[in-house]
Amino acid sequence: MKYLMVNGEKKEIPPFPHHKAYVYRSKQFFSAKGIATHLTMGEFITLKELYNGFKHKCSIPRVLLIDPTSDCNLRCKGCWSQDYESGHNISYEKFDDILTQAEELGILDCLMTGGEPLLRKDDILKLCRKHDRMTFGAFTNATLIDEEFADEMVKVGNLNVFISIEGTKEETDFRRGEGVYDRAIRAMDILRSRDIGFSFSACYHSKNYRTIASDEFLDKMREKGAWFGWMFQYIPVGSDADTSLVCTAQQRAYVQEKIRDYCDRHDYVIVDFWNNGHLCFGCLGAGTGFAHINAKGDVEPCAFCHYSDSNIHDVSLADALRSKFFTTFRAAQPFSENPLRPCPLIDNPQAIVDVVREGGARSTHLSNPESPEHLAEKSYERALEWEALSEELFEKMPEHNRKNFPVFLKYLAFKKGMTDGRRKKV
């Protein structure tokens, strides 16, 4: 039996695919201090991915992100789902088919985004029961979590939720609407009472970054029962995105330092999405670590990169992972030799222009398409600020991060040769 220290308590980890096993594996991934521990984690899941990639001649993502619906019951400030055409849903039958294909490729984890995934919670529970060899997670505003749904989560075992929260009640309601904070906290209480290992999910921006990175907020999340945390920087996706919310380089660095210190002091896992590049291989999009399917079926590199050249209604999942755009995207990875600059959207904005054009992709931003040039224009200035500052920050990283990143880059090159490289030769 495996155990994990969570908020000062020794917690028993049931066998995979229980949702707590996903938390355990996430900690393994983001705490690996060398290539050996990376390759042997989670019952050799990394080696299995290499084998499956070799077998299917494409990079197999560890996590498949899917939007069950484009609809949402909230209208949060700065959220791109407001630009989405309403009414797009992946049918239960198609969702089932996608998961069957994913299992055949060896993908074990499905995380759901949106829109608000729990608008489809009946279908989600049904899929969890049928695909009981996979783990599932939903990024949710938590307003649809009630006692009945939590009881069903306990029964299926392989479903988790990641509850969106923006800091204090005032900061959360500022973006999400009056009363949303209280409903999210209530949902946390319901989940904790049933010993569900949920996560908090926080988007930090120029107005709330100090709160999100504070001991007070993080202590509160742990007190409410969050087993781990997800953090995302505000990304100005969409033509009407509020660029005033984008963090400066100094604000981003502040969050990175505070979060790293907090995790070290409390043995806690927080995935700081753009600041964890030094702990993995930089960008993990386009099948390197994950891939995203929106509610219209477009297969995208990640949930934030709204460009695609294939649709799951027209091609198989394997063929989508082998598409020209995905192959071009992976060939360009890593987008920087500095692991603190992993992202082509905000750290290396010219890169997103280049891979979209070379890969023949189109905008999938539904009712409000955005060219890669327009998206990049909003990030050039901040990217230059971060490029200068991140060089200094990398020198302050723990020695094992600085020492092992070149080794990880060699492994990434080997992985690409085993998958995309092999396909070109066949």
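Guide: Let us start with a term: buried means under 20% relative accessible area, exposed means over 50%, and partly exposed lies in between, with a 1.4 Å probe and protein chains only. By that scale arginine 186 is partly exposed, because its relative accessible area is 46%. Please keep in mind that this is a predicted model, in which local features need pLDDT of at least 70 and side-chain atom pairs count only at pLDDT 80 or more, while totals for chains, interfaces and linings use all residues. Residues are numbered from 1 along each chain as its sequence is written, and side-chain values use heavy atoms, with hydrogens and water left out.

Visitor: Okay, which residue does arginine 186 form a salt bridge with?

Guide: Its partner is glutamate 147, and the closest N and O atoms are 3.0 Å apart; a salt bridge here is a side-chain nitrogen of Lys or Arg within 4 Å of a carboxyl oxygen of Asp or Glu. Arginine 186 belongs to helix 7 (residues 180-193) and glutamate 147 to helix 5 (residues 147-156), so the pair ties together parts that are 39 residues apart in sequence. Helices are DSSP runs of H or I with at least four residues, strands are runs of E with at least two, and both are numbered from the N terminus. Glutamate 147 is also partly exposed, with a relative accessible area of 35%.

Visitor: How many salt bridges does the structure hold?

Guide: The structure holds 29 salt bridges. Another of them joins the side chains of aspartate 189 and lysine 224, at 2.7 Å from N to O. Aspartate 189 sits in helix 7, whereas lysine 224 sits in the loop between helix 9 (215-223) and strand 8 (228-233), so this pair ties together parts that are 35 residues apart in sequence.

Visitor: And is lysine 224 buried or exposed?

Guide: Lysine 224 is buried, since its relative accessible area is 13%, while aspartate 189 counts as partly exposed at 31%.

Visitor: Switching topic, where is histidine 38?

Guide: Histidine 38 is placed in helix 2 (residues 35-56), and it counts as buried because its relative accessibility is 5%. If neighbours within four places in sequence are left aside, histidine 38 is in contact (heavy atoms within 4.5 Å) with Phe29, Ala32, Thr46, Phe281, Phe408 and Tyr411.

Visitor: What about glutamate 385, which residues is that one in contact with?

Guide: Apart from neighbours within four places in sequence, glutamate 385 is in contact with Thr248 and Ala249. Glutamate 385 is in helix 15 and counts as partly exposed, at 27% relative accessibility.

Visitor: Which residues gather in the patch of negative charge on the surface?

Guide: They are Glu387, Glu391, Glu392 and Glu395. Patches are made of residues with over 30% relative accessible area and no salt bridge, where like charges are joined within 9 Å and nonpolar side chains (Val, Leu, Ile, Met, Phe, Trp, Tyr) within 5 Å. Asp and Glu count as negative and Lys and Arg as positive, with His and the chain ends not counted. Glutamate 395 is found in helix 15 (residues 380-395), and this glutamate 395 is exposed, with a relative accessible area of 55%.

Note on methods. Accessible areas come from the Shrake-Rupley method with a 1.4 Å probe; for residues, only the protein chains shown count as cover. The place of a charge is taken as NZ of Lys, CZ of Arg, CG of Asp or CD of Glu.
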